[in-house]
Amino acid sequence: MTESHLTPIPLLVPDLPAPEALMPFLQRMHAARQYSNFGPLTCEFETVLRALFAARSPAPLGLTTVANATLGLELALTALDLPPRSRVLLPALTFVATATAVLRAGHLPVLADVDAQSWLLTPEIALRAAADGKVDAVLPVATFGAPHAMAGWHDFERDTGIPVVIDAAAAFGSQWLDAPTGTAVFSLHATKCLPAGEGGFVVSNKPELIAKVRQLTNFGINLNPAAGVPVGMLARIGTNAKMSEYHAAVGLASLATWDTRAALRRALHADLRARLDAAAGMGVLRWQDMAEPIAAPTLLCVRLPDAGGRDRLDRLCAERRIMVRRWYQPLLNAMPALAAHSVCLPAPAAAGIAMDLCGLPFYLGMADADEARLVDALSAALDEGQSACQSAGSPEARRSA
Ligand SMILES: Cc1ncc(COP(=O)(O)O)c(C=O)c1O
């Protein structure tokens with residue numbers, strides 16, 4: 001029964017700059033009378049982001065902003081210039097946009113498994129898929145913001161010739177292009193750690209790919225006097241995926257406080273995780289294994305001991321007005337609208353994760369009492385499971401069975 005006197009605990013609360021922090025950027029925008037079309041704020045935002053990536057990259061790179069990561073993925077795939085209906089490998093455990101971007105780019109999603117510990121589609125999984133069937137491109141996902149080791153993907157691309165684009169939507173500050181080749185797409189959605197409200201960017205050690213993506217975000221119009229096509233002429237079939245100056249203003253203001261906010265996110269994540277582990281008993285909860293910790297976590301995802309445990313936690317949280325979410329579920333291969341247009345490879349590890357994965361409330365400013373309420377709900381769910389087990393094993397239970 002719902003305990004309606006309790007204040008609801010939300011799943012997440014966006015952390016955007018206050019209007020006062022935006023004002024200097026909005027005033028600059030208004031003074032320049034430029035509100036979109038690669039204006040001064042967008043160009044400044046791109047320059048700062050490019051410098052952050054360049055500082056960690058062994059190769060020159062290009063970067064362009066986009067209206068959102070979904071369009072960034074679609075246009076990065078388009079810019080690869082693959083034949084129509086090319087087979088693009090992506091994990092079955094991801095947000096739907098990874099797959100819809102493949103379809104909208106005119107290609108065929110091939111849904112693959114993930115590693116059971118890291119929850120990532122790894123180069124080893126991609127190599128096996130490419131040995132068993134045709135793979136024309138790979139779209140690994142930085143699952144829940146966990147970064148990929150780029151050296152492995154660089155080797156994969158060099159050895160197979162198959163291009164790789166990382167869907168790093170939730171991995172700003174964690175995913176870098178620290179290998180000779182790499183391409184990644186980031187989201188700046190309100191729920192991400194570098195929020196612009198809506199927005200994204202594509203970064204790559206292939207500057208020519210970035211030039212194509214930039215042109216595609218601007219309808220496909222040529223703006224380069226050195227190109228063979230006159231300036232203003234349509235060079236490719238693009239769309240409107242430009243970032244507006246309003247969004248760049250929010251992005252720049254977010255960037256100004258990112259380090260402090262990221263440190264708070266890390267501290268809260270570590271604290272909550274320690275409290276949940278202490279309540280459950282060490283090793284009962286299963287967390288995502290990561291080569292590098294997430295620099296600015298935005299989600300708190302954990303695997304319960306089993307599907308029954310997750311059901312009990314879901315029910316208790318609903319009763320206690322604590323919002324939880326089964327992130328990335330159902331798996332893409334269980335969504336008829338997608339599966340009908342995709343190739344579904346066996347994905348036992350992803351299916352196992354989807355049995356018991358639960359997204360718990362996590363946001364900056366979460367009250368200590370709310371953390372305690374969440375920990376208490378988890379303890380109660382695990383205790384209930386233990387009592388159910390004991391009574392199932394009791395002589396009474398065996399007699400009545
Ligand atoms: C893995 C993944 N890819 C793509 C997206 C889409 O990003 P956007 O909302 O910027 O289009 C998301 C959004 O959360 C995501 O989690």
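Are E157 and K206 buried or exposed? I opened the notebook with this pair. Both residues are buried. I note at the start that I am working with a predicted model.

**Entry 1: the E157 pair**

I looked up what the two side chains do. E157 and K206 meet in a salt bridge, with 2.4 Å from N to O. I then placed the partners along the chain. E157 sits in helix α6, residues 150-160. K206 sits in the loop between β7 (200-204) and α7 (207-217). They are 49 residues apart, and the pair links distant parts of the chain.

**Entry 2: other salt bridges**

I asked for the total next. How many salt bridges does the structure hold? The count is 21.

I picked E44 and R28 from the set. Their side chains form a salt bridge at 2.6 Å, N to O. E44 belongs to helix α2 (residues 40-54) and R28 to helix α1 (residues 19-32), so this bridge ties together parts that are 16 residues apart in sequence. E44 is partly exposed, at a relative accessible area of 29%. R28 is also partly exposed, at 38%.

I turned to D271 and R275. Their salt bridge has an N to O distance of 3.8 Å. The cut-off is 4 Å, so the pair counts. Both lie in helix α9, four residues apart, which puts about one helical turn between them. D271 is partly exposed, with a relative accessible area of 33%. R275 comes out at 24% relative accessibility and counts as partly exposed. D271 and R275 belong to a salt-bridge network with D368 and E371.

**Entry 3: H269**

I stayed in helix α9, which spans residues 258-280 and contains H269. Is H269 buried or exposed? Its relative accessibility is 17%, so H269 counts as buried. I listed what H269 touches, leaving out residues up to four places away in sequence. The list is P297, L299, L300 and F362.

**Entry 4: the two domains**

I moved to the domain level. Domain 1 covers 19-256 and domain 2 covers 258-389. Their centres, taken over C-alpha atoms, are 27 Å apart. I looked up the contact: 40 residues of domain 1 meet 34 residues of domain 2.

How much area do domain 1 and domain 2 bury between them? The value is about 3100 Å², with 69% of it on carbon and sulfur atoms. L111, W119 and F144 supply 25% of the area that domain 1 buries against domain 2, more than any other three residues.

I checked the charged and polar links. There are zero salt bridges between domain 1 and domain 2. The interface does have 13 residue pairs in polar contact, with both residues at pLDDT 80 or more.

I then asked which elements build the side of domain 1 that touches domain 2. Those giving two or more residues are β2 (87-91), α4 (96-104), β3 (108-112) and α8 (245-256). β3 gives the largest share, five residues. By class, this side of domain 1 has 27 nonpolar, nine polar and four charged residues.

**Entry 5: helix α3**

I went back toward the N terminus. Helix α3 (residues 69-79) is mostly covered, with nine of its eleven residues buried. Among the buried ones are L71, L73, E74, L75 and L77.

I looked at both ends. What caps the N-terminal end of α3? N68 does: one of its side-chain oxygens lies 3.1 Å from the backbone nitrogen of T70. Just after α3, D81 takes a positive phi of about 55°.

**Entry 6: V165**

V165 lies in the loop between α6 and β5 (166-167). Its relative accessible area is 2%, so V165 is buried.

Which residues are in contact with V165, leaving aside its neighbours within four places in sequence? They are A76, L80, V138, L139, P140, T183 and V185. V165 and A226 are 61 residues apart in sequence and 28 Å apart in space, C-alpha to C-alpha.

Conventions: Residues are numbered from 1 along each chain as its sequence is written. This is a predicted model: local features need pLDDT of at least 70, side-chain atom pairs count only at pLDDT 80 or more; totals for chains, interfaces and linings use all residues. Side-chain values use heavy atoms; hydrogens and water are left out. Domain bounds come from an automatic or database domain assignment. Contact means heavy atoms within 4.5 Å. Buried area is the accessible area (1.4 Å probe) that two parts lose on being put together, summed over both. A polar contact is a pair of N or O atoms within 3.5 Å; within protein, one must be able to donate a hydrogen and the other to accept it, and residues adjacent in sequence count only if both atoms are side-chain atoms. Ala, Val, Leu, Ile, Met, Phe, Trp, Tyr, Cys and Pro count as nonpolar, Asp, Glu, Lys and Arg as charged, and the others, Gly among them, as polar. Buried means under 20% relative accessible area, exposed over 50%, partly exposed in between (1.4 Å probe, protein chains only).
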